[in-house]
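Please look over the model shown here.

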Amino acid sequence: MDLLLVNGPNLNLIGKREPSIYGAQTLEDIQEELLTLASELEVKLKFFQSNSEGDMIDCIQNSVGSIDG
């Protein structure tokens, strides 16, 4: 199975912006953990992050037919 995880606006700042409130774990840290889990489950996982709604829509539409589900 192939999965696409789309992260939206400001998630690139996780772990960098106000870590005392939101924690120090970055988006990259979370993605690494998810890749490990995906590997254990034999799932192919792709990530996309953008602060632009249009870029996210393009990514989703471009992935149609390229992800199993």
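## Two glutamates with positive phi

Glutamate 42 sits in the loop between α2 (27-40) and β2 (44-49). The model is predicted. Although glutamate 42 is not a glycine, its phi is positive, about 55°. Its relative accessibility is 70%, so glutamate 42 counts as exposed, the cut-off being over 50%.

Glutamate 18 also has a positive phi, about 50°, and is not a glycine. Its place is the loop between β1 (2-7) and α1 (19-22). Glutamate 18 counts as partly exposed, because its relative accessibility is 37%.

Serine 63 belongs to helix α3, which covers residues 53-63. With 10% relative accessibility, serine 63 counts as buried; the limit is under 20%. A polar atom of the serine 63 side chain lies 2.7 Å from the backbone oxygen of isoleucine 60.

## Chain layout

The protein chain holds three helices and two strands. From the N terminus, their order is β-α-α-β-α. The C-alpha trace spans about 40 × 35 × 10 Å along its principal axes.

Of the contacts with a separation of 6 or more, 66% join residues 24 or more positions apart.

## Surface and charge

The protein chain has 69 residues, and 20% of them are buried. Its accessible surface is about 5,000 Å². Carbon and sulfur atoms account for 53% of that surface.

The chain carries 4 positive and 12 negative charges.

Methods. Residues numbered from 1 in each chain as written. Predicted model: local features only at pLDDT ≥ 70, side-chain atom pairs only at ≥ 80, totals over all residues. Heavy atoms only, no water. Helix = DSSP H or I, 4+ residues; strand = E, 2+ residues; numbered from the N terminus. Buried < 20%, exposed > 50% of the residue type's maximum accessible area, 1.4 Å probe, protein only. Polar contact = N/O pair within 3.5 Å; in protein donor to acceptor, adjacent residues only side chain to side chain. Contact = heavy atoms within 4.5 Å. Areas by Shrake-Rupley, 256 points an atom, 1.4 Å probe, with all protein chains shown as cover. Lys, Arg positive; Asp, Glu negative; His and termini not counted. Charge placed at Lys NZ, Arg CZ, Asp CG, Glu CD.
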